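Have the viewer open while you read.

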Amino acid sequence: MTGTPVADLAVVIVNFNTGDWLARCLRSLQDARGSLAVDMLVVDNDSRDASAEAVESAGARLVRNPTNRYLSPAWNQGAAATDAPYILFLNPDTEWFHGTLEDLVRIARAHPRTGIVGPMVRNPDGTVYPSGRRFPSLIDAVGHAFVSPVTRDNRFTRRYEMDGWDRSTEREVDWVSGACMLFPRTAFDEVGGFDEGFPLYAEELDIATRLRAAGWSVLFTPEVELLHAGGVSTGGDRRPHRLVVMHSASLYRYYRLHRAPGWRRVTLPLAWLLLRARAEIAWAIGRLRGR
């Protein structure tokens with residue numbers, strides 16, 4: 001790739017109107033490089049705020065899209081714009097909290113058949129977000145889908161989120177939060193990158209599933225930590241209805257592709273109905289909480 005600096009690691013951030021959050025994210029990365037040569041790249045999905053100025057101030061590269069390409073297509077676009085051997089996909093509403101980028105790459109190098117390394121993710125108040133989860137059983141998936149919008153203190157969500165593990169230890173898991181995922185390029189390229197049929201939501205579930213099927217593992221590490229605000233680009237609990245519908249459509253597509261073999265194909269119409277109903281319930285609860 002002519003003109004691209006030689007880098008040990010590429011950090012790819014997809015941005016859409018995150019304002020000061022992006023500037024804070026980029027500043028935190030400047031202090032977390034360690035000794036790595038890092039190629040920082042922001043793919044901007046037609047933001048109308050001061051995102052471009054934040055990228056320029058941080059000395060990162062900026063790719064501007066004339067429309068909102070959403071997440072998976074823009075992440076693939078960023079990956080194609082760099083040839084670094086490791087790629088870190090990072091949300092713009094994150095801040096590096098503990099450890100360095102070099103630490104994360106070191107952990108990946110120590111586990112050569114690991115396709116994704118995910119760090120500990122903390123909520124803005126410092127509490128631990130349950131990144132590093134198992135693929136839920138059908139019963140747990142349905143229970144979590146309908147009960148968690150009301151309360152996360154239920155047996156379905158606890159099993160799904162691997163309750164009882166305090167996330168103070170390194171552990172192989174089924175998948176990690178898409179807020180921060182480190183890939184060896186060899187693993188990322190082997191499975192063809194992100195499936196752009198998941199433009200927003202469930203893309204991290206899908207790629208973790210495909211990597212594990214190809215013989216790669218997914219690793220959670222507590223040696224690196226970051227803060228994640230969550231939902232800044234999408235509006236959190238008050239996100240537009242169309243995004244809630246997109247969420248249910250992505251989950252249905254994931255179920256259809258990966259969790260409905262053989263006789264379970266007959267459950268697809270029911271799964272679609274349940275996920276749409278869950279979307280409407282979650283949207284209504286979000287509206288009430290917003291008020």
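Both faces of strand 2 are covered: V38, M40, V42 and D44 are buried on one side, and D39, L41, V43 and N45 are buried on the other. Buried here means under 20% relative accessible area, with exposed over 50% and partly exposed in between (1.4 Å probe, protein chains only). Since eight of the eight residues of strand 2 are buried, the strand is largely enclosed by the rest of the structure. Helices (H or I, at least four residues) and strands (E, at least two) are DSSP runs, numbered from the N terminus.

Before going on, a word on ground rules. This is a predicted model, so to speak of local features takes pLDDT of at least 70, side-chain atom pairs count only at pLDDT 80 or more, and totals for chains, interfaces and linings use all residues. Residues are numbered from 1 along each chain as its sequence is written, and side-chain values use heavy atoms, with hydrogens and water left out.

Two strands count as paired if DSSP finds at least two bridges between them.

| Pair | Sense | Bridges |
|---|---|---|
| Strand 1 and strand 2 (residues 38-45) | parallel | seven bridges |
| Strand 1 and strand 4 (residues 86-90) | parallel | five bridges |
| Strand 2 and strand 3 (residues 61-65) | parallel | five bridges |

What does F89 touch? Leaving out residues up to four places away in sequence, its contacts (heavy atoms within 4.5 Å) include V12, W75, C180, F183 and F194. F89 is also, with I116 and F183, among the residues with the most contacts inside the largest nonpolar core, which has 40 residues. Such a core is a set of buried Ala, Val, Leu, Ile, Met, Phe, Trp, Tyr and Cys residues joined through side-chain atoms within 4.5 Å. A second, separate core of 33 residues includes L26, M40, W96 and V224.

Helix 8 (residues 203-213) is another enclosed piece, because nine of its eleven residues are buried. Its cover includes helix 3 (71-80), strand 6 (114-122) and helix 9 (241-258). After helix 8 comes G215, with a positive phi near 95 degrees.

Zooming out, the protein chain has ten helices and ten strands. Buried residues make up 53% of its 291 residues. A compact globule with 291 residues would have a radius of gyration near 19 Å, and the chain's 19 Å agrees; the radius is taken over C-alpha atoms, and the globule rule is 2.2 Å times the number of residues to the power 0.38. Along its principal axes, the C-alpha trace spans about 50 × 40 × 35 Å.
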